[in-house]
Amino acid sequence: MKKILLVNASPRKGGNSDLITKMLAEELKDCEVIVFNMREKKCNPCLACGACQGKDTQMCVQKDDIQKLLPEIDRCDGIVLATPIYNQQICSQAKLFIERWYPFFKFDNPLMTNSSKCGKKGAIICSFWGSPVDVTTKYAEWTLDGFSQIGVEEKKALIFPQIPGRGDICKREDYIAQIHALAGWLKA
């Protein structure tokens, strides 16, 4: 059974990222799914202390919910980060989550990771109102490049513009179809 980690980085309850995460969890019900809603968790920023570096496994000196999630990130088959776009960038919670992957960085490994499981699938889903689609697409793809640090090798970016209001994702059948297709890709 595939293990899929769904991370909702939105601070807004009932927002589009929240609904996207719930749709994906439902689509993936035949997998082992872990949903991590950052707004409900204690998530500290990286301290850049370096204590995690040079290790064969992931550890962090901080005692928060991301530290507890590191083993799940290591063992998962797929990871999806759902984030709103604020001022043409992923939200601060999404950035914080990615920065906490520092324990996976291993510079002397050719893949630059100490993840025990490479070959993972990873996706980012960006929902927003008015940012330029081409800029957001490039930004999302660039952000996905960093997913290799946690062992992700296959990557997809879903870009959902023009959904300004809470729950507007539900009005877009084309976006819902893309979420369905992403779930199928994650299960394959």
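Threonine 113 sits in the loop that runs between H3 and E5 (helices, H or I, of at least four residues and strands, E, of at least two are DSSP runs numbered from the N terminus). With a relative accessibility of 2%, threonine 113 counts as buried (buried is under 20% relative accessible area, exposed over 50% and partly exposed in between, with a 1.4 Å probe and protein chains only). Leaving aside residues up to four places away in sequence, threonine 113 touches Phe104, Lys106, Cys118, Ser148, Gln149, Ile150 and Gly151 (contact means heavy atoms within 4.5 Å).

The model is a predicted one, in which local features need pLDDT of at least 70 and side-chain atom pairs count only at pLDDT 80 or more, while totals for chains, interfaces and linings use all residues. Residues are numbered from 1 along each chain as its sequence is written, and side-chain values use heavy atoms, without hydrogens and water.

Turning to helix H4, its buried residues are Thr136, Tyr139, Ala140, Thr143 and Leu144. They lie on the same side of H4 because they cover an arc of only 140° around the axis (the arc is that of the directions from the helix axis to the C-beta atoms). These buried residues pack against E3, E4, H3, E5 and E6. Exposed Asp134, Lys138 and Trp142 are carried on the face turned away from the buried side.

The largest nonpolar core holds 33 residues, and those with the most contacts inside it include Ile73, Ile79 and Trp101 (such a core is a set of buried Ala, Val, Leu, Ile, Met, Phe, Trp, Tyr and Cys residues joined through side-chain atoms within 4.5 Å). H4 is among the elements that give two or more residues to this core.
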